[in-house]
Amino acid sequence: MGSFGDFIIARTGMMSSQMALNITGQNISNINTVGYTRRALDQSTFVVNGSGLYRSSSTVYAGAGVMMNGVSQLRDPYLDIRFRNEMSNVGSADALLAGMEQIESVINDVGIEGITKQFQDLLDKIGKLNANHVGTAEFDNLVKNSAESLCQLFNLAASKLQDVKDNYETKYKEEVGNIDTLLQNIRDINEQIRKADISGDSALELRDQRNMLLDELSQYMKVDITYSKEDLGSGVEIEKLTIKMVDESTGKPSYTLVDGINSANIEMNDDYSLNVSALKDRNGQIIRGTTDADGDGEMDPLTPNGDITEGMGYGALESMRQILTGQGEYSPDDKNTNKGIPYYQASLDALAKTFADEMNKLNTQDANGNALDPDKINGAGNLFETSDKTADITAANISISDAWRNGNVSIVASTKENASSDANDNILRFQALFSQNISYEGGQAGSVIYNGTFEGFYSNMQGVLGLDMQTTSSLYNTYATAADDLNNSREGVSGVDLNEEGVNMMQYQKAFAASCRMITALDELMEQVINRMGV
Amino acid sequence: MRVTTNSTLRTYRGSLAKATLNQYNAMNLVLSDGRLFNSFADSPARATESYRLHSAYAKNQTQQETNSTMISKFEQAHSSMQQISDQYNKALEQAMKAQNSPTGGALKELGTTLKGVAQSMVHTLNVKYGDKYVFAGADGDNAPFELTDDGELLYRGINVNDISDDETVMAANGLTPEEIAAVKEMLNENVYVDIGLGFSLDGNQEVIPSTAFDSCISGLKIMGYGTDDEGTPNNMISIISQLGEIYSKADEDGNLPAADKETADKLFGKMSESFTNFNTQRGTITSRAEFLDSNETRLVETGDNLTEQFTSIDKTDMADALTTFAYAQYTYNAALRVGNQVLSQSFIDYMS
């Protein structure tokens, strides 16, 4: 190395220290940038010596300084995978919990005047009618008014539950739209990274952005993310990102969502299930393979596509679908066992219908099941009917009958003809009905969902929801804690620490100063050589 | 493990949020009078248990009201029977005077008085509690007793003297089959109410008598019905009424036909027997009223017990709530202090 080579060595030291300081500055200034990954300067010793025929074996090389190889992001892909897996759990539990909280806002009688209290009030009013007031119009009116309030509470709960479902459906549609947009955004970023890779740019900001989108995607569904090399020819290889949905039933990757610069569309079907399209390019053209299995003259799509069927999905979207479709035990088969809004709607309907049917039965039949003759039995007739005059009583349409309202029907005190004015055998049956255990059937033949009283059934509904919420809530807490721990671990690798950056700042500053001092020393050395030697 | 500035901040932020939430919950616990849950999800087991107790309490309150109504009805009955007792004593006094062969028009006058007493007794027994006639058995909408102009006493439209436990006797007395059926119904009727005796129905959807209280008070049974072997009425009012009718027939010298005198003697002799029957019935009514009284005490105790139980499930006591709040506040303050001291400094603060 020549005399001035040492200056070059010192200069590279100054340059690399300055660059390292720049990176420290970049790290510090981005400490609060969401998704930012800590950067570090990759540097190595610059060696220019070589071996050759005329190389003297006695020549000693100190080296040629330091070389900056590039700037890298400090990231642990394994932690990313673990974090994203955990986030699909968090997303799943979080969405379920959010849905259940909405249902709970309708079906919760704790500490408020709701359906439970109204059942108790109705029984109380029947008790008052029986206590020395048999056949008195005022007390029959009290029973009637109480029953009407109960019907209104049923109507209100049903309408609120329907509102919850409608709002949830709108939210679900938005989220499906969001995930579709998310996939397109990832595809777009892939395209930009690809271009940067080809031109040799590291595109660190784009990768940070993509990682954030992948984190977001992982809450919506469980995904399998792989990075592979794409051969562009002439020995040029660039990175390719592939995202596949994980089939929860098999635990294996299923439909391809993004493959490099191509992505699929996700749409909602009428039954709330999701459809994943074949991969499309940026112009929406389906990417086709080289086979034509169906013989339609058009090559088959390159990747499989279809519906995310029952049991396949997992994550926030699947949880939302379950809230919208979960029929629980009211499902005609054993596939849809999750309890979503339809389960609680069906429960409420079952309670309203059973209550109305049983009350009507007591007011239209004697103990042996024989129909009561309204001409002989005072007040005989249906007490409840549908407000829209349709056949099936539901929580939404239950109403006291017009005949009861206008006084043509009243609580039948006795089913015996020519009974005494205080005969109350049938009122006693009404009273007993509220303590009677009644079986409520599920969707499958012979299945019994609950056996108990009206009040008990409603309490059971709340208990089922409460237990589900409690379980999901503790699951959520477990997942969230695990995700938080993993995020901290990830942060431990990728995050910026001020202490560390401060130390780095001092270290690089000292290194820069040392290189500067080196030049001063060399300058003094050269001064000696040039100006004082031989003088 | 590498701990970064932001992971420290995030962990601190999370912990502070938890401490804030705890303090908020503890505050609500105090403000809501110690209420431990507001939904089934907060505590499914507590909420389910609480529902059962509240439901039982609601039933208990209805039973207490029913019991209280029944007590009032029986107090009314008891008071009326006391009046009947007084009226009987008055009648007895008049009858005894009549037995002592008063002279002049006094006997006739006594007869009129006795008829008046009989009429008063009918009025007393046609007393109402609320909208219902107390002594009407299961037909509370209609006045049970009626004294006809010729001194015959009707109970729900049927002459009490024609009534018997024996159907053939009633037929012989001229009652129609419908009337006989109605009498049989009257003698066996019940009006059950639920006063917390484990109310339940049997397989025929009829109440099991031991699980409910029979609120029916039959004026017929209290005052007696039918006649003895000699044709003398068993019913107190009927006896007094007939006695009054006979004495009313006396001439101005106080003389009665021999046959009437004999009938009057028999009726007079039967008075105390009818009163004994009445007192027996009064004892029954009293014991039923006493049962209602003791049942009320039991129901109130059950209600208090249930209140205590659901209060202990629904709520914590104020001392606990305040202790929880104080602890939450302590944790919150500690979190603030830690944050202030740990987070402000870093290496950069000490760089020269």
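This is a predicted model: local features need pLDDT of at least 70, side-chain atom pairs count only at pLDDT 80 or more; totals for chains, interfaces and linings use all residues.

Colleague: Okay, on to the interface. How many residues of chain B are in contact with chain A?

Modeller: On the chain B side it is 51 residues, and they touch 48 residues of chain A.

Colleague: Which element of chain B gives the most to that side?

Modeller: Helix 2 of chain B, with twelve residues. Helix 1, helix 2 (44–99) and strand 6 (192–193) of chain B each supply at least two residues there.

Colleague: How do the residues on that side of chain B divide into nonpolar, polar and charged?

Modeller: There are 21 nonpolar, 20 polar and ten charged residues on the side of chain B that touches chain A.

Colleague: Let's go back to helix 1 of chain B. At what angle does helix 1 pack with helix 9 of chain B?

Modeller: Helix 1 (residues 5–31) and helix 9 (residues 318–342) of chain B pack at about 155°, and their axes are 8 Å apart. That angle makes helix 1 of chain B roughly antiparallel to helix 9 of chain B.

Colleague: Is the crossing of helix 1 and helix 9 of chain B left-handed or right-handed?

Modeller: Left-handed. The residues making the contact include B:Tyr12, B:Leu16 and B:Met27 of helix 1 of chain B, with B:Phe325, B:Tyr332 and B:Gly339 among those of helix 9 of chain B. By class, the contact has 13 nonpolar and eight polar residues, and no charged residues.

Colleague: Nice. What about helix 7 and helix 10 of chain A, how do they pack?

Modeller: Helix 7 (residues 341–364) and helix 10 (residues 454–494) of chain A pack at an angle of about 175°, with axes 11 Å apart. Helix 7 of chain A and helix 10 of chain A are therefore roughly antiparallel to each other.

Colleague: Which residues make the contact there?

Modeller: Helix 7 of chain A brings A:Tyr344, A:Ser347, A:Leu351 and A:Phe355, while helix 10 of chain A brings A:Phe454, A:Phe457, A:Tyr458 and A:Met461. They divide into seven nonpolar, one polar and no charged.

Colleague: And where do the axes of helix 4 and helix 7 of chain A come in, what's their distance and angle?

Modeller: Those axes come within 10 Å and cross at roughly 165°. That makes helix 4 of chain A roughly antiparallel to helix 7 of chain A. The crossing of helix 4 and helix 7 of chain A is left-handed.

Colleague: Which residues of helix 4 of chain A meet helix 7 of chain A?

Modeller: Among them are A:Phe154, A:Leu161, A:Lys165 and A:Tyr168, and on helix 7 of chain A the partners include A:Ile341, A:Tyr344 and A:Leu348. The contact has ten nonpolar, one polar and one charged residues.

Colleague: Time for strands. In what order do the four strands of the open sheet in chain A sit?

Modeller: The order is 3-4-5-6, and the pairing is antiparallel. Strand 3 (223–233) and strand 6 (262–263) of chain A are at the edges with a single partner strand each, so one side of each is left without a neighbour in the sheet.

Colleague: What packs on that sheet?

Modeller: Helix 4 (residues 137–198) of chain A, touching strand 4, strand 5 and strand 6 of chain A. The direction of helix 4 makes about 165° with that of strand 4 of chain A.

Colleague: How many bridges join strand 3 to strand 4 of chain A?

Modeller: Ten, and the two strands run antiparallel. A:Lys229 stands opposite A:Glu239 in strand 4 of chain A. Their hairpin has two residues between the strands, and A:Ser234 takes a positive phi near 55° in that hairpin.

Colleague: Last one: what's the strand order in the three-stranded open sheet of chain B?

Modeller: That sheet runs 3-4-5, with antiparallel pairing. Its edge strands are strand 3 (145–147) and strand 5 (158–159) of chain B. B:Tyr155 stands opposite B:Ile158 in strand 5 of chain B.

Key: Residues are numbered from 1 along each chain as its sequence is written. Chains are lettered from A and ligands numbered from 1 in the order in which they are written. Axes are lines fitted to C-alpha atoms, for helices over the stretch in contact, and angles run from 0 to 180 degrees between N-to-C directions. Angles under 35 degrees count as roughly parallel, over 145 as roughly antiparallel, 65 to 115 as roughly perpendicular and the rest as oblique. A crossing is left-handed if the near helix is turned anticlockwise from the far one by less than a right angle, and right-handed if clockwise. Two residues are in contact if their C-beta atoms, placed from the backbone, lie within 7 Å. Ala, Val, Leu, Ile, Met, Phe, Trp, Tyr, Cys and Pro count as nonpolar, Asp, Glu, Lys and Arg as charged, and the others, Gly among them, as polar. Two strands pair if DSSP finds at least two bridges between them.
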